[in-house]
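Subject: Structure for you to look at

Hi,

Here is the structure I promised to send. Please open it first, then read my notes below with it in view.

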Amino acid sequence: MKRDAPTLLRPHAIGVRTPLVDGIDKVTGRAKYTADLPAQGALVGLIGRSPVAHARIVSVDTRRARTLPGVRAVITGEDFSAPYGVIPIAQNEWPLARGKVRYRGEPLFAVAADDEASARAALAAVQVVYDELPAYFSAADARAEGAVLLHDDKPGNLERVVEQDFGDVDAGFAQADVVLERSFECGELAHGQIELNATLAQWEPEAQRLTVQSVTQVPYYLHMMLAQTLGLGESQVRVVKPFVGGGFGHRVESLNFEMVTAALARAAGGLVKLELTREEVFLTHRGRPHSEVKLKIGARRNGDITALAAEVVQRGGAYAGYGLVTILYAGSLLHALYRVGAVRYRGWRVYANLPPCGAMRGHGAVNVRFGIESLLDDMAKQLGMDPFELRRANLIEAPYRTLNDLQVNSYGLPQCLDAVEKASRWREKHRLPMGTSLGMACSHYVSGSAKPVHWTGEPHAVVNLKLDFDGSITLLTGASDIGQGSTTLLAQVVAEVLLLPLSRIRVVCADSALTPKDNGSYSSRVSFMVGNAALRAAEALKEVLLEAAARKLQAQPADLDWLGECCVLTGTDRQLDFAQCVQAALVDSGTITVKGIWSTPPETQGGRYRGAAVGSTAGFSYAAQVAQVRVDEATGMVHVEKIWVAQDCGRAINPLALEGQVQGAVWMGMGQALGEENQYHEGLPLRANFLDYRMPTIADSPPVEVTLVESMDPLGPFGAKEGSEGALHGCPPAIANAIADALGLRMDHLPITPDRIVDALQARRRALRRQAKEKT
């Protein structure tokens, strides 16, 4: 091994503003996303979709399509062995529909051909006979008496009903000096990730093996579902994750096109590439469900919240997906942000004949938080308190155990409130021009779910570190970097422990033939859980190197000082450089691989009631934010002028990346607040493109000033916890509260579009005219 020249080491790898290690590849175009992968000779895959929203499938005739020139495979739902789904007890979706179609655009059959023209001809040649059934596009219609069931085993078209009571809620309301009630409505959202869905699948007939490369956030879950739906042994499947162009929750479960591509590859006996259009991505959906939220909050004159009651109805679409988790999150995260005397929650997850909803950034709790923070502002006015004062009256002190058995070990919300109050000059808001005002809100989120969806008893996270003759360290992880910067963060953690430059560390992610299993990138789990596993792997490798150096120097490991690029015997001038330490460690053993594992402590895994695991986490993040808006009453247009956000992230391992994540969360929250909404006509999406689906553009985006609060969580790696989702929850209510203050009018329906503002203002004027007329 050639020894490296001495280098001047920076003292720390964490807490340093570090450009992403894969950033150059992305901005130069070297990064290969699924659609960019070499696919010479690949067949073209296409999916045939249902034109009706609800029907029994009488027949699917593929005979003519199979005879067309260039067509290599035609498959239907009968070519799959089992249904799939992310939740083991709620797997009721087939990759291609069997028996019934339940929404317009549902995959029904698929083809693989030599070229796109041949594939499209094959699609057109398939003949389907339907027996149409009544279709339901709202939760109310689907729950109505006599409604036809979408799934025979789900009476009332209910996927899950949740009933939870913690504390004496009725007594809490009786003790309150003020009780407020209000209903809110939040439109359905799509994720809006830039990269289109695509999968490349290779079937090896001789070896009976399948290799799939796809856009997934959860390679392990996809691996399992490929084996399950195709009737394969898991050892026959390999899943590789290329670069992923955003996910935001759209890809946290296995998706139908991935299994369809694999089935086509097997049927054709070769390589198949399937790419979806933007409209097809919207049909695949898995976004935030349309929600109706009814809230009741009671408080004493000093601001103490004595009781909170919430009723939530979510329109979940045609299949289960993450549905039962989403409706449980909506109730679970009523807790752990503020001290609340008692809580009652009722939740209904409802099937409807629309594309399935799923997990979206801030999973489960965003819509309810919008309602709570809006109603708290109304409560503050009723009590004659400043909104900041009301929140401060209900702060908790860590460590803290919530009424629903969630563990809070660190709590930086007080510092977050102080930061945004000062930065926004909140106390001077009365000086703002007419039509301009400030609004504030708070929020929180989990740093990964304390119990995985698929409970196997294995560690929550595993990282392997490989050290070889060249002195490089390869970090092997099954975790997916989907743009959030986890690859960089894991390299920083290892570099910090070993006191080595990042240039020595290479990260290899998400190839089931090479990397250890990881549950995936969802619920902000990677930084906390995989970061902890990387830290422990680095500590194990450091121990191996110290022991080898001690043997070489004929000393004890405890007598050595590890300085990264060299190791020194304390009190002497005897030392080994890093290359010599590596050489000593490789003697007799050769290449060294060490493992780091991490699992959530039992006390963080929630209580023992039904659904208690959802919402449990080893570390909660916290955020506070203030939005400044200007509202034009004539047009209803809202211009967000600036947003101040403070995020309690534990320890900021990479402040540069973290600030970007917080800004992105706020930006997505602004989209939900002011423009984004999926709408349908008889089940047909009306906004299935980026022109009609109104995400904020750069022209709409205000300055977002981020303050990072480091509360140092005792369980996080170096004290770190999540920093990518919590700030999203607070953005819609902060904007809504600013609009309410500017107009003197509470908007209770998201998004708050110009037409809704104008309609509300006109309704108020009519009401005032009626009142004036009645008085005369």
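**Helix 12 and its surroundings**

The buried residues of helix 12 pack against helix 11, strand 18 (436–446), strand 26 (620–631), strand 27 (638–648) and strand 30. Keep in mind that this is a predicted model.

Which residues of helix 12 (residues 413–423) are buried? They are Leu-413, Cys-416, Leu-417, Ala-419, Val-420 and Glu-421.

Arg-392 and Asp-418 form a salt bridge through their side chains, at 2.9 Å from N to O. Arg-392 belongs to helix 11 and Asp-418 to helix 12, so the pair ties together parts that are 26 residues apart in sequence. Arg-392 is partly exposed, at 28% relative accessibility. Asp-418 is partly exposed too, with a relative accessible area of 43%.

A network of salt bridges links Asp-386, Arg-392, Asp-418, Glu-421 and Arg-427. Glu-421 is also on the list of buried residues in helix 12.

How many salt bridges does the structure hold? The count is 42. Side chains of opposite charge can pair when their charged atoms come close.

Look next at Asp-748 and Arg-182. Their side chains meet in a salt bridge, with 3.7 Å from N to O. Asp-748 sits in the loop between helix 17 and strand 31, while Arg-182 is in strand 8 (residues 178–186), so this pair ties together parts that are 566 residues apart in sequence. Asp-748 is partly exposed at 28% relative accessibility. Arg-182 is partly exposed, at 28% as well.

Now find Lys-26 and Asp-22. Their side chains form a salt bridge at 3.6 Å, N to O. Is Asp-22 buried or exposed? Asp-22 is buried, because its relative accessible area is 10% and buried means under 20%. Lys-26 has a relative accessible area of 25%, so it counts as partly exposed.

Start with Thr-326. This residue is in helix 9 (residues 323–332). Thr-326 is buried, at 1% relative accessibility. What does Thr-326 touch, not counting residues up to four places away in sequence? The contacts are Pro-289, Gln-314, Arg-349, Gly-358, His-363 and Gly-364.

Then go to Glu-159. You will find this residue in strand 7 (residues 158–166). Glu-159 is buried, with a relative accessible area of 8%. Leaving aside neighbours within four places in sequence, Glu-159 is in contact with Ala-90, Lys-154, Ala-320, Leu-324, Arg-349 and Tyr-351. Arg-349 is on the contact list of Thr-326 and on that of Glu-159.

Glu-159 and Leu-264 are 105 residues apart along the chain. Their C-alpha atoms are separated by 31 Å.

**A patch of positive charge**

Which residues gather in a patch of positive charge on the surface? They are Arg-765, Arg-766, Arg-769 and Arg-770. Take Arg-769 as one of them. Arg-769 is found in helix 18. Its relative accessible area is 54%, so Arg-769 counts as exposed.

**Backbone features to check**

There are cis peptide bonds to look at. One joins Ala-398 and Pro-399, with omega about 0 degrees. Pro-399 is in the loop between helix 11 (387–392) and strand 16 (400–401). Another cis bond runs from Leu-750 to Pro-751, with omega near 0 degrees. Pro-751 lies in the loop between strand 31 (749–750) and helix 18 (754–775).

Glu-682 has a positive phi of about 50 degrees, although it is not a glycine. This residue is in the loop between strand 28 (680–681) and strand 29 (684–685). Met-712 is not a glycine either, and its phi is positive, about 60 degrees. Where is Met-712? Met-712 lies in the loop between strand 30 (704–709) and helix 17 (726–743). At 40% relative accessibility, Met-712 is partly exposed.

Best wishes

Notes
Residues are numbered from 1 along each chain as its sequence is written. This is a predicted model: local features need pLDDT of at least 70, side-chain atom pairs count only at pLDDT 80 or more; totals for chains, interfaces and linings use all residues. Side-chain values use heavy atoms; hydrogens and water are left out. Helices (H or I, at least four residues) and strands (E, at least two) are DSSP runs, numbered from the N terminus. Buried means under 20% relative accessible area, exposed over 50%, partly exposed in between (1.4 Å probe, protein chains only). Patches are made of residues with over 30% relative accessible area and no salt bridge: like charges are joined within 9 Å, nonpolar side chains (Val, Leu, Ile, Met, Phe, Trp, Tyr) within 5 Å. Accessible areas come from the Shrake-Rupley method with a 1.4 Å probe; for residues, only the protein chains shown count as cover. A salt bridge is a side-chain nitrogen of Lys or Arg within 4 Å of a carboxyl oxygen of Asp or Glu. Lys and Arg count as positive and Asp and Glu as negative; His and the chain ends are not counted. The place of a charge is taken as NZ of Lys, CZ of Arg, CG of Asp or CD of Glu. Contact means heavy atoms within 4.5 Å.
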